[in-house]
Amino acid sequence: MEKLLCNLLVIGMAVTVYACPKYCVCQNLSESLGTLCPSKGLLFVPPNIDRRTVELRLGGNFILSINRQDFGNMTGLVDLTLSRNTIDYIQPYSFADLESLRSLHLDSNRLTRIGSNDFRGLLNLQHLILNNNQLNSILDEAFDDFLLTLEDLDLSYNNLVSLPWEALGKMINLHTLSLDHNLIDYIPEGTFTDLLKLARLDLVSNRLQKLPPDPIFARSETFVLSTTPYFAPLSLSIGGNPLHCNCELLWLRRLSREDDMETCASPSHLKGRYFWYVPEEEFVCEQPLITQHSHKVLVLEGQTATLRCKAIGDPKPVIHWVAPDDRILGNSSRTVIYDNGTLDILITTSKDYGTFTCIAANAAGESTASIELSIVQLPHLSNGTGRAVQPGSRLSDITSSSKTYRGETMSKPEKVVKVYDVTASTALVKWSVGRSAPKVKMYQFQYNSSTDEVLVYRMIPASNKAFVVKNLVPSSNYDLCVLAIWDDTLTTLTATNVVGCVRFTTSEDYTQCKSFHSQFLGGTMILIIGGIIVASLLVFIIILTIKYKLCNGQENEEMCLIVLIHPPSHPSPPAPNTPPSPTPPSHPPIMDGMAGLDANLSSLGPRAEFSIQF
């Protein structure tokens, strides 16, 4: 009995583990198991798929992403179809267990990128279908695990500008390569050299202006007979590309091919003409012609030197630069060559002095131009001394008025650089030169402070003999040198010499305290004015309150009007023996009030009446 229960339990577990997913159809033909779930509205890969499945079809669903657990332990899977879903993400190593997979269909999804580890583990993959996605980049290592086994690669109808060309060149067993309807504008030369088994290459509707010459394209000629199965005829499709019909495509024009309606997009005199009907003699190139370039460039040592060189030609010339020591220059931390041919030497040194050569080259030839670069050497302040170390110069009259005559030295030169009106951030510098000094082109200030090691340069016109140095650091020691730049008549080069050096200290800065004091006074005035306004409002409110109380009620109306119009005054005491005035007849209260009001108004005169009317 116990043995029977145990067997039933095992059978139940097997049925539970290997049950066919809901809405799917499972086919068990001999030893191969197929799980078919096409167009079932699935949002994710069913988790209870039999791990022994050989063929799995999940096309036409709404699967959003592929995760690592979706195909775990499915080592026997050979054919996987994920076409026509909404997949936009593949988790790295999701296919790591699919070591037996031969065919992977991921077409008509929303993939934009193939990462380095997205297809990791597909060691025996032969067919990879990725057409009709939104791919714009494929990393160089994406195809590394199946470079030697892949036979069919479809990347058509994507947004690819470039591909891992080096990896493609290693797919020696590739039979079909579909790259049509992309944005590819360049294919490196030699990419297809080792693809001896390639039978179909589709490059339709890209942005290619030219194709790299390769022996493989000779197999695309009409009536080529294959002598061995390793050199099958090549089906080449290049229509829909903006071909530039010049000498670089003459090799393609010489092939004997059927007319695929390819047309020339440039140059202008061949635009719109059918490629295979243009005579070979019209596939010409133009030798480079340098139209603009620098002649002589003069820069100060340590500054950036810009050498310009522009050229025209067909095809577009490539600019190369050769240094004075015959080195071919390239992009580095100190030199930058731009696409327009401009060369920037970011930090010049005395070793850059000499003639640079600009070489413009294309398929038709080359053209050269020379640019002379002159470096104005500058003295540099030595560390901690404040004195200038200068290169050799012939301008002795600038730095000193002492002269040697018959072995005797004249008096010591006077100090020619002086500093006046030193504040926390500015200083006035004045200098003078000897009368016998040659004509100076300009002056330069060179200074740094004790707070940092930055050496600051300032260029001053030759007519100035004074300059205000600004933006200094308060409470800092400064070493400043004045240099003269002049033309050496012996060497016809620009030379420099030190006029003089000086050291000064900036004063302390009290601007923060003054600013705080002004802010304090401003706040006090605001408080005082505000207090006066509030007090005035309180007094006005009190007056209105008193008025309301005096005028409140009908009995006090007469008194309110009399008080407002003519405030009561203290009456003089009655004269002795004056008989009392007769008492007026009594009236109703309202009439008495009106009568009294009229009497008072009459006694006040016109002035009171005017006040009440107002």
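Ile529 counts as partly exposed because its relative accessibility is 49%; the partly exposed class lies between buried, under 20% relative accessible area, and exposed, over 50% (1.4 Å probe, protein chains only). The model is predicted: local features need pLDDT of at least 70, side-chain atom pairs count only at pLDDT 80 or more, and totals for chains, interfaces and linings use all residues. Residues are numbered from 1 along each chain as its sequence is written, and side-chain values use heavy atoms, with hydrogens and water left out.

Ile529 sits in helix α5 (residues 511-551); helices are DSSP runs of H or I of at least four residues, and strands are runs of E of at least two, numbered from the N terminus. Together with Met525, Ile528, Ile532, Ile533 and Leu537, Ile529 forms a nonpolar surface patch with about 600 Å² of accessible area.

Asp479, in strand β35 (residues 477-488), counts as buried because its relative accessibility is 15%.

| Residue | Relative accessibility | Class |
|---|---|---|
| Ile529 | 49% | partly exposed |
| Asp479 | 15% | buried |

The largest nonpolar core has 72 residues, and Phe71 and Phe119 touch the most other members. Such a core is a set of buried Ala, Val, Leu, Ile, Met, Phe, Trp, Tyr and Cys residues joined through side-chain atoms within 4.5 Å. A second, separate core of 20 residues includes Ile319, Leu343, Phe356 and Ile371.

Notes
Patch = residues over 30% accessible without salt bridge, like charges linked within 9 Å, V, L, I, M, F, W, Y side chains within 5 Å. Areas by Shrake-Rupley, 256 points an atom, 1.4 Å probe, with all protein chains shown as cover. Salt bridge = Lys/Arg side-chain N within 4 Å of Asp/Glu carboxyl O.
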